[in-house]
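Please have a look at the sequence and the model first.

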Amino acid sequence: MVVLVALAAVARARSHRGEVTLDDAAHPPAMASGDEGRALLARFECNRCHDGTGLASVARERHCVRCHQEVHQGTFTPPVPAATLARWQQHIVHLREVPSLAALGSRLRSEWVEAYLLAPHALRPELGATMPRLALNTHDARTLARWLTEGPRVRASVTGNGARGRTRYGALGCGTCHQFSGASAPAAAPAPLSLTPDEFARARSLAPDLRSTRDRWIPSAVAAHLMNPRATVPDGVMPSFGLSAGDAADLAIFVLTTPLAPLATRHVPPRPARLARPVRWSEVESRVLRRTCWHCHSEPDFARGEGGVGNVGGFGFAPRGVNLASYEGLYAGVLSPTGERESLLRPGPDGVAPLVRVLLARQAEEAGARVEGVRGMPLGLPALAPDEIALVDTWIAQGARVDGE
Amino acid sequence: MRFMFLALTAFVSLAVPRTASGCLNGVELEVDPEVGAMQSAERALTANRTLDAARAALRVSPDVRSFRGGTGIARRAARVVALAVTRLGGSLPGVSGFSARSDAQRTRNLTWAIATLTAVAQGRANDPVADTDLAEALARNPATRGEGMRRLEALASRELVTSAHAWLLVAEGRAAAQQAARAELALDRCRAMSRSPAMCVVRRA
């Protein structure tokens, strides 16, 4: 659907002396979804990660990134020793930035938001984390998308010269932060900006792959954004380059219409081979569970009741009671959707333990596939490396033993 | 300028490890001394340093006797002390309030342990850790052994027994019922989950 709409928009484009016009008419404003949209926003707890939702902010302990940001800014409370803070700063890589949802209706297409909610995928190559695959149906996604993108919008169009835009793209150093997969874009020149390393890292991590822009954005909003980024994304990180209306339009037309080569097909990786050596519990705990899984599957008693989304529920998910913060907790398994406890370690008919199955499913999701009935883990984070999955798989196959004395 | 951006790009791309580090428990363990101490107590219990575990838990939460249900550190301390009382036959030698000099005191302590683990389990519905702990305590008490063994077998059938001590009880129950092969399976699980696999031996009645 998204592709068809995009093709229709391009088909409507007129070409005159190298100039192309794209009309917003192909992307009408979303129909209002009223209170139901707001209720869904609250149910899926969009405000636990995103600013700009219109919902009240949540406590730091329940927020996706605030704690991480405070650690990196050195403002974390209660104060911890400098060495501890430095160690945390080194460890915390993901979930440091999340895009704002403020004023989405002025720039994003409702049908794209709906499709993205149903099948999230990586948009920002340097961000690492992606939108998690929530437990929402088509109606939920449509209603949420409409709520997020509704609002007054002036119908407009953008006319520009893509060739000139391409030159401008190179001169402005857009490729310093943005990838543009499949496009024949100029090599990255230095961006004529003075950013601190932190500002640069933040801008780069939130910079989307521009390949998706023609599917995501309303055409005239791209040009408007390039002229005055704060007008379209009030709390965004895109710097202002002081572009004229003409330069912005040229650049927008380049981004929106330059031919894109198809991307290489991503294949689901084969199941990693088990290791030939003994694997210790302490290795699994330190390399996998503590590094990644504890985020959402921890012990509520040790965290003032907040055991993470994968334990006590959240983001619209029911509590699953998974506690990977201890050996005993791992053995306690998971609450099934029917409320029965099931082992995470007992292999299924295919010989794969449920704990390994969700790790493999995340690999598949990254390749654009989906494993029926299984939500890939870690949710919204990059799949574990094959050797890490092999570590867990091997440890379970070897009897899931605790380390001896 | 160009060099600066290229250098920054290379730094951001290559220098940062591509891993996430879990927070919540990880942070609390470092910023809240009670959480760290309580986790140490639990690890001592898992490592069969039962008396040490109870002492450590009582240092964090001395008033476990009054636990009637609740959450947080108090619940975890009560669990550790109750399990220690259970595994040491109703007495914690040298521990004020839990050192029994008579059978009556042992029985009173064991009864408290069962009541405490019942309260813990009621606060953690459908949690196999709490269910295993309570079943173990019931199985170690002659008056409630049947109920405890029934609960342990139900957990074992779903591979949801969460301690080596409980698996050993399962093995003993199966051995008493002349189910040698099933008893050996339970002993295998005991050995896998124990830091001291030598403990996994069925005692002859």
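Predicted model: local features only at pLDDT ≥ 70, side-chain atom pairs only at ≥ 80, totals over all residues.

Let me begin with A:R362, which is buried, as is A:E365, where buried means under 20% relative accessible area, exposed means over 50%, and partly exposed lies in between, with a 1.4 Å probe and protein chains only. These two residues form a salt bridge, their closest N and O atoms being 2.9 Å apart, and the term stands for a side-chain nitrogen of Lys or Arg within 4 Å of a carboxyl oxygen of Asp or Glu. Both sit in helix α16 (residues 354-366) of chain A, three residues apart, about one turn of the helix; helices (H or I, at least four residues) and strands (E, at least two) are DSSP runs, numbered from the N terminus. An α-helix has 3.6 residues a turn, so residues three or four places apart point the same way.

Residues are numbered from 1 along each chain as its sequence is written, chains are lettered from A and ligands numbered from 1 in the order in which they are written, and side-chain values use heavy atoms, with hydrogens and water left out.

Over all chains, the count comes to 45 salt bridges. One of them joins the side chains of B:R76 and A:D301 at 3.3 Å, N to O, and this pair crosses between chains, from helix α5 (residues 72-87) of chain B to the loop between α13 (281-289) and α14 (309-312) of chain A. B:R76 also forms a salt bridge with B:E42, with the closest N and O atoms 2.5 Å apart; that pair links distant parts of the chain, since B:E42 lies in helix α3 (residues 33-46) of chain B and B:R76 in helix α5, 34 residues apart. B:E42 and B:R76 are buried, and A:D301 is buried as well. Which residues are linked in the network of salt bridges? They are A:E299, A:D301, B:E42, B:R75, B:R76, B:R124 and B:D127.

Turning to the cysteines, there are two disulfides over all chains, counted as pairs of cysteine sulfur atoms within 2.5 Å. A:C49 is joined to A:C64, S to S 1.8 Å, and both lie in the loop between α2 (34-43) and α3 (66-73) of chain A, 15 residues apart. In chain B, the disulfide runs from B:C190 to B:C200, S to S 2.0 Å, and its torsion about the S-S bond is about -80°, so the disulfide is left-handed. B:C190 is buried at a relative accessible area of 0%, and B:C200 is buried at 4%. A:C46, by contrast, is in no disulfide, the nearest cysteine sulfur, that of A:C49, being 8.6 Å away.

Finally, helix α8 of chain B has B:G148, B:M149, B:L152, B:L155 and B:A156 as its buried residues. Seen down the helix axis, these fall within an arc of 125°, so they line one face of the helix, the arc being that of the directions from the axis to the C-beta atoms. They pack against α7 (128-140) and α9 (164-176) of chain B, with contact taken as heavy atoms within 4.5 Å.
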